[in-house]
Amino acid sequence: MKAVLFWALLLLGSAWAGTALWVQFPQARPVAMAAFALLVAGVVWARLGPGWGWSALALSALVIGGWYLSLHPQQNRDWAPDVAHIVQGDIEGDKVTLHNVRAFRWTDAAHATELWETRSYDLSQLTGADMITSVWDSPKIAHLLVSFGFADGRHVVFSVEIRREKGEAFSSIGGFFRQFELSLIAADEADVVKLRTNFRGEEVRLYPLRLTPEQLRAVFLRYVELGNALNEKPRWYNTVTANCTTVVWQLTRVLNPDLPLDRSLLLSGYLPDWLYRMGVLADEGTLEDIRARAVISDRAKALPEGADYSVGIRAGR
């Protein structure tokens, strides 16, 4: 039994450690993998030869674990332009001033005229919020954004994202192994939503939410608090525990601390189903009808040049 346990721990530990090294050393993978193979070979030799297998396994786990725990999120990497800044806010009563609001104007999926702005909002003028989902592949997985509307017609969207370095691409596996920091982007809809509808060709849906003025204010302020916290102390993104859906779930628990766990926290494409069951979606009708009305991608692409994007994607609703 001890022998089975030893080999099982060695196999599982090697799979985990090998993947972590592969993710963390992209420029030196051959060297990292060769060194790791020698380490595993040493543990196997210690088990089959002198009989020091458990000691060698424990020492290897200590070395790899110590290295992994020494990895800390950073603020000063060479970031990709679209995540170069994290939103930060100043709160004075009803007035919230957001710094680093992204207002890029995209020319294709990878290039934009870059602009970061400081904008002020009056929380007493909040008129509503929409949940926006964006699907790029499997309908079971969606990126989640929340857009807040104001009486003057402006909208600000909060998007929890990975904070990529220049040249990095998203990896769900890398998200398990401390490859990315967590980022909170605040942007206007003509930036962060139009990027997905018009340039990435994703299937985007907009769901009006049923929230009271007090709830709108509370959720908005929780986003601001998150942005300030990430500016103060960076955090790791995690594919399961700290992604665009789970972070929003944590934020919205201000509405109901007893919000239950749901499969949509892992399979975010099912989030509208959960919100429908919770009575949070403002649209009437069956879930199928609501989902059909929520699609805005074609409407966005059909807007003429210079049209008000936020008004256009809501036309006819």
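A polar contact is a pair of N or O atoms within 3.5 Å; within protein, one atom must be able to donate a hydrogen and the other to accept it, and residues adjacent in sequence count only if both atoms are side-chain atoms. The legends below concern a predicted model, in which local features need pLDDT of at least 70 and side-chain atom pairs count only at pLDDT 80 or more, while totals for chains, interfaces and linings use all residues. Residues are numbered from 1 along each chain as its sequence is written, and side-chain values use heavy atoms, with hydrogens and water left out.

View 1. The chain is divided into domain 1 (1-70) and domain 2 (81-314), with bounds that come from an automatic or database domain assignment. The C-alpha centres of the two domains lie 40 Å apart, and the C-alpha trace of the chain spans about 75 × 40 × 40 Å along its principal axes. The secondary structure comprises 11 helices and 10 strands; helices (H or I, at least four residues) and strands (E, at least two) are DSSP runs, numbered from the N terminus. Of the 317 residues, 44% are buried, where buried means under 20% relative accessible area, exposed over 50%, and partly exposed in between (1.4 Å probe, protein chains only). Among contacts (heavy atoms within 4.5 Å) with a separation of 6 or more, 65% are between residues 24 or more positions apart.

**View 2. The interface of domain 1 and domain 2.** Seven residues of domain 1 are in contact with six residues of domain 2. The two domains bury about 570 Å² between them, 61% of it on carbon and sulfur atoms; buried area is the accessible area (1.4 Å probe) that two parts lose on being put together, summed over both. Val 23, Gln 24 and Tyr 68 supply 68% of the area that domain 1 buries against domain 2, more than any other three residues.

**View 3. Polar contacts and helices at the interface.** Four residue pairs, both residues at pLDDT 80 or more, are in polar contact across the interface of domain 1 and domain 2. On the side of domain 1 that touches domain 2, helix H1 (2-24) and helix H3 (53-69) each supply at least two residues. H1 gives the most to this side, with five residues. The residues of this side divide into five nonpolar, two polar and no charged.

**View 4. Ser 159 and its surroundings.** Ser 159 lies in strand E8 and counts as buried, at 0% relative accessibility. Its side chain is joined to that of His 143 by a polar contact of 2.8 Å and to that of Glu 161 by one of 2.7 Å. Leaving aside neighbours within four places in sequence, Ser 159 is in contact with His 143, Leu 145, Ser 183, Leu 184, Ile 185, Val 192 and Arg 196.

View 5. Asn 100 lies in strand E2 (residues 95-102), and its phi is near 65°, a positive value in a residue other than glycine. Asn 100 is partly exposed, with a relative accessible area of 22%. Arg 178 lies in the loop between strand E8 (155-163) and strand E9 (181-187). Arg 178 has a positive phi of about 55° although it is not a glycine, and it counts as partly exposed at 22% relative accessibility.

Terms used: Ala, Val, Leu, Ile, Met, Phe, Trp, Tyr, Cys and Pro count as nonpolar, Asp, Glu, Lys and Arg as charged, and the others, Gly among them, as polar.
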